[in-house]
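Keep the structure open while reading.

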Amino acid sequence: MAAELSAHHRRLAQQKREAITTAAAALFLERGYDGTSLARIAEAAEVSKSTLFKQFPTKAALFEAIVTESWKRDDADAVDQPQSGDLRAGLTAVGHRYAELIGRPTMAALFRIVIAELPRFPELGQMQFQLGKLPYFTSVQRYLEAEHEAGNADVPDAESAANQFLGMIANYVLWPRMLLTDWNPTADEVDTAVDEAVRTMLARYARD
């Protein structure tokens, strides 16, 4: 019985946490980071202020949680980077995973918040980069380094190559959404963009 109650309480706590981060993201986008109080977030999330402060004592801690959750993959059990040995398969897996992440509506909203508030709150940009983009970028860079060391690819500058690959995908999936409210490519169109990025990388870096 005690174990069942404990599991039930954990589920409730997680549900409240999700309600808080969802409400906060919507309010940050609507009212701005500075114009949104924790009390207003608690009201929108339909939780008590004490519940919110227990999980997020500061607005910065709450924004940090939003960034972390936004970059979390749904397939939590998947490995961070493919094993070396098949450059085409590895890049395809990495590319589709990245397209899924940055194609989420929450990701576009997060970038809009950061861009709008960056002049007054540069620390938001640091959070987005350090907690979100950088860890993913680093995993791709390490994968390309592993393929290079295994002799499957000729990638003398894995940092530059990772930038090229992720940039090709983001330029189709994410960045148009920052300016075009009706930009919503189909799954097939996203797959094509990823496949074309993979083919470009193979043409440049694959060993004969």
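## The core

Phe63, Trp71 and Leu144 touch the most other members of the largest nonpolar core, which holds 59 residues. A nonpolar core here is a set of buried Ala, Val, Leu, Ile, Met, Phe, Trp, Tyr and Cys residues joined through side-chain atoms within 4.5 Å. Buried means under 20% relative accessible area, exposed means over 50%, and partly exposed lies in between (1.4 Å probe, protein chains only). Elements that give two or more residues to this core are α1 (2-31), α2 (38-45), α4 (59-70), α5, α6 (105-117), α7 (122-149), α8 and α10 (187-205). The largest share, eight residues, comes from α8.

What does Trp71 contact, leaving aside its neighbours within four places in sequence? The list is Tyr98, Leu101, Ile102, Met107, Leu110, Phe111, Gln128, Gly132, Lys133 and Tyr136. Contact means heavy atoms within 4.5 Å.

## Model and numbering

This is a predicted model: local features need pLDDT of at least 70, side-chain atom pairs count only at pLDDT 80 or more, and totals for chains, interfaces and linings use all residues. Residues are numbered from 1 along each chain as its sequence is written, and side-chain values use heavy atoms, with hydrogens and water left out.

## The chain as a whole

The chain has ten helices and zero strands. Its elements run α-α-α-α-α-α-α-α-α-α from the N terminus on. Helices (H or I, at least four residues) and strands (E, at least two) are DSSP runs, numbered from the N terminus.

The C-alpha trace spans about 60 × 50 × 30 Å along its principal axes. Of the 208 residues, 40% count as buried. Take the contacts between residues at least 6 apart in sequence: 71% of them join residues at least 24 apart.

## Helices α5 and α8

Two packed helices are described by the angle between their axes and the distance between the axes. For α5 (residues 87-102) and α8 (residues 158-173), the angle is about 40° and the axes are 10 Å apart. That angle makes α5 oblique to α8. Angles under 35 degrees count as roughly parallel, over 145 as roughly antiparallel, 65 to 115 as roughly perpendicular, and the rest as oblique. Axes are lines fitted to C-alpha atoms, for helices over the stretch in contact, and angles run from 0 to 180 degrees between N-to-C directions.

The crossing of α5 and α8 is right-handed. A crossing is right-handed if the near helix is turned clockwise from the far one by less than a right angle, and left-handed if anticlockwise. From α5 the contact uses Leu91, Val94, Gly95, Tyr98, Ala99 and Ile102; from α8 it uses Phe165, Leu166, Ile169, Ala170 and Val173. By class, this contact has ten nonpolar, one polar and no charged residues. Ala, Val, Leu, Ile, Met, Phe, Trp, Tyr, Cys and Pro count as nonpolar, Asp, Glu, Lys and Arg as charged, and the others, Gly among them, as polar.

## Helices α6 and α7

The axes of α6 and α7 cross at roughly 145° and come within 7 Å. This crossing is left-handed. Met107, Leu110, Phe111, Val114 and Glu117 of α6 meet Leu124, Gly125 and Gln128 of α7. The class count is five nonpolar, two polar and one charged residues.

Val140 sits in helix α7. Is Val140 buried or exposed? Val140 counts as buried, at 1% relative accessibility. Not counting residues up to four places away in sequence, Val140 touches Val94, Ala162 and Leu166. Its C-alpha atom is 9.2 Å from that of Phe165, 25 residues away along the chain.

Gln141 also has its place in α7. Gln141 is buried, with a relative accessible area of 18%. Leaving aside neighbours within four places in sequence, Gln141 contacts Ala158, Glu159 and Ala162.

## Two loop residues

Ala153 lies in the loop between α7 and α8. Ala153 counts as buried, at 0% relative accessibility. Beyond neighbours within four places in sequence, Ala153 contacts Leu87, Glu147, His148, Tyr205 and Arg207. Ala153 and Arg207 are 54 residues apart in sequence, but 5.1 Å apart in space, C-alpha to C-alpha.

Glu46 lies in the loop between α2 and α3 (49-55). Glu46 counts as exposed, at 74% relative accessibility. Glu46 has a positive phi of about 60°, although it is not a glycine.
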